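Visitor: I would like a short tour of this model. Please give cut-offs as you go.

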Amino acid sequence: MFERGNRGNTIHGILLIALFSFSAFYIAEIPFVKSLSFSPLIVGIILGMLYANSLRNRLPETWVPGIKFCTKQVLRAGIVLYGFRLTLTEVAAVGLPAIVVDLIIVGGTIFLGILLGRILKVDKDTALITSTGSAICGAAAVLGAEPVIKCEGHKTAIAVSTVVIFGTIAMFLYPIMYRSGLLSGLSDTQVAIYTGSTLHEVAHVAGAGNAMDPTDALGIAGTATITKMIRVILLAPVLVIMSFALAGRKQVGTDGKVEKSKITVPWFAFGFIGIICLNSLLQYLFDAPTVKDIPLNGAIEYIDTFMLTMAMTALGTDTSIDKFRQAGAKPFVLAFGLFVWLIVGGYLSAKYLVPVLA
């Protein structure tokens with residue numbers, strides 16, 4: 001990839017994706033886009049998809065390795081650095097109820113997604129990666145699962161699209177449910193855990209939490225975010241379990257022969273956990289009240305977001321409308337089924353389990 005003679009072309013591909021990513025950051029700051037809680041990651045994949053369906057054929061093929069570098073190495077580094085957003089202290093602050101509800105939601109969503117995928121006859125990779133995104137943390141989870149599942153780029157983009165669509169709907173739906181009294185059967189803590197354990201993206205949880213509790217006077221916004229972060233931490237063990245579960249399945253190799261896949265140890269997942277532990281230590285050493293008060297945390301988070309945006313943009317450049325047409329409506333039906341499960345199953349879990357475990 002970076003061999004002499006091809007190094008320049010590879011760098012050109014990386015710079016192209018970086019240029020799109022800078023544009024994504026700028027667009028994400030536009031008030032209307034910001035009001036939708038569309039992060040640079042989401043804007044990036046949209047820009048990549050627009051490029052894929054317009055000027056993609058004019059891209060020199062020699063630049064493709066640079067784009068592939070962004071979807072693999074840059075992606076994995078971004079997932080590792082994502083750990084700087086979390087600390088073990090946050091987990092302890094919320095306690096057992098949030099952990100148990102998160103475990104039920106994550107496990108239930110993945111298993112239900114696999115089951116619905118079989119019923120709907122959705123491609124196994126698409127079903128699994130969509131379920132992972134819905135279960136844990138939206139686009140970031142989809143990106144984390146991609147190197148383990150090893151699915152095609154357009155399938156990853158389809159999964160991202162579905163979790164973004166239904167996550168955005170839920171972000172507006174939850175505050176409406178809260179203010180209309182549909183969540184009156186839940187305490188403030190239960191509402192927070194319900195929100196954090198079921199909304200797709202971290203940005204969606206922050207948006208819904210702030211809409212319900214703008215000043216965090218009721219503790220809904222803060223507790224919901226921490227509950228969501230516990231779900232994010234579950235990404236690492238889920239990827240490890242997934243790598244062992246997928247080992248031995250039959251795949252078509254590059255030579256066209258059917259062969260068994262080997263265990264893909266997601267080392268970046270262990271790096272993710274290691275960074276969380278390091279961040280927890282830094283919080284203790286610097287006596288920082290929150291994760292954002294740790295020195296250089298803001299700069300690292302910005303760099304990490306940019307790297308993940310590059311990965312999303314690169315995936316988008318490999319996703320054409322034709323590939324969405326080939327996938328059909330079934331992946332969206334699958335995502336809708338998971339969306340309904342998150343709303344109903346999450347509500348029941350928060351209502352009946354939190355009081356028992358508190």
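Visitor: Which residues of α3 are buried?
Guide: This is a predicted model, where local features need pLDDT of at least 70, side-chain atom pairs count only at pLDDT 80 or more, and totals for chains, interfaces and linings use all residues. Residues are numbered from 1 along each chain as its sequence is written, and side-chain values use heavy atoms, with hydrogens and water left out. Buried means under 20% relative accessible area, exposed over 50%, partly exposed in between (1.4 Å probe, protein chains only). The buried residues of α3 are P40, L41, I42, V43, G44, I45, L47, G48, M49, Y51 and A52.

Visitor: What span should helix α3 have, and what does the model give?
Guide: Helices (H or I, at least four residues) and strands (E, at least two) are DSSP runs, numbered from the N terminus. The expected span is 1.5 Å times one less than the number of residues. For the 13 residues 40-52 that rule gives 18 Å, and the end C-alpha atoms agree with it, lying 18 Å apart.

Visitor: How does the radius of gyration of the chain stand against a compact globule?
Guide: The radius is taken over C-alpha atoms, and the globule rule is 2.2 Å times the number of residues to the power 0.38. For 358 residues a compact globule would come near 21 Å. The chain agrees, at 20 Å.

Visitor: What share of the chain is buried?
Guide: The chain has 17 helices and two strands. Its C-alpha atoms fill a box of roughly 60 × 50 × 40 Å along the principal axes. Of the 358 residues, the buried share is 52%.

Visitor: Which backbone oxygen does the side chain of S243 reach?
Guide: S243 sits in helix α13, residues 235-246. S243 is buried, because its relative accessible area is 2%. Its side chain comes to 2.6 Å from the backbone oxygen of V240.

Visitor: Is L296 buried or exposed?
Guide: L296 is in the loop between α14 and α15. Its phi is near 70 degrees, positive in a residue other than glycine. With a relative accessible area of 65%, L296 is exposed.

Visitor: What is phi of D287 near?
Guide: D287 lies in the loop between α14 (267-285) and α15 (297-316). At 68% relative accessibility, D287 counts as exposed. Its phi is positive in a residue other than glycine, near 50 degrees.

Visitor: How far apart are the C-alpha atoms of V344 and T198?
Guide: V344 lies in helix α17, residues 330-357. V344 counts as partly exposed, at 44% relative accessibility. Along the chain, V344 and T198 are 146 residues apart. Their C-alpha atoms are separated by 9.6 Å.

Visitor: Which residues do salt bridges that share partners join into one network?
Guide: E301 also forms a salt bridge with K292, with the closest N and O atoms 3.6 Å apart. Bridges that share partners make one network of R85, K292, E301 and D304.

Key:
A polar contact is a pair of N or O atoms within 3.5 Å; within protein, one must be able to donate a hydrogen and the other to accept it, and residues adjacent in sequence count only if both atoms are side-chain atoms. A salt bridge is a side-chain nitrogen of Lys or Arg within 4 Å of a carboxyl oxygen of Asp or Glu.
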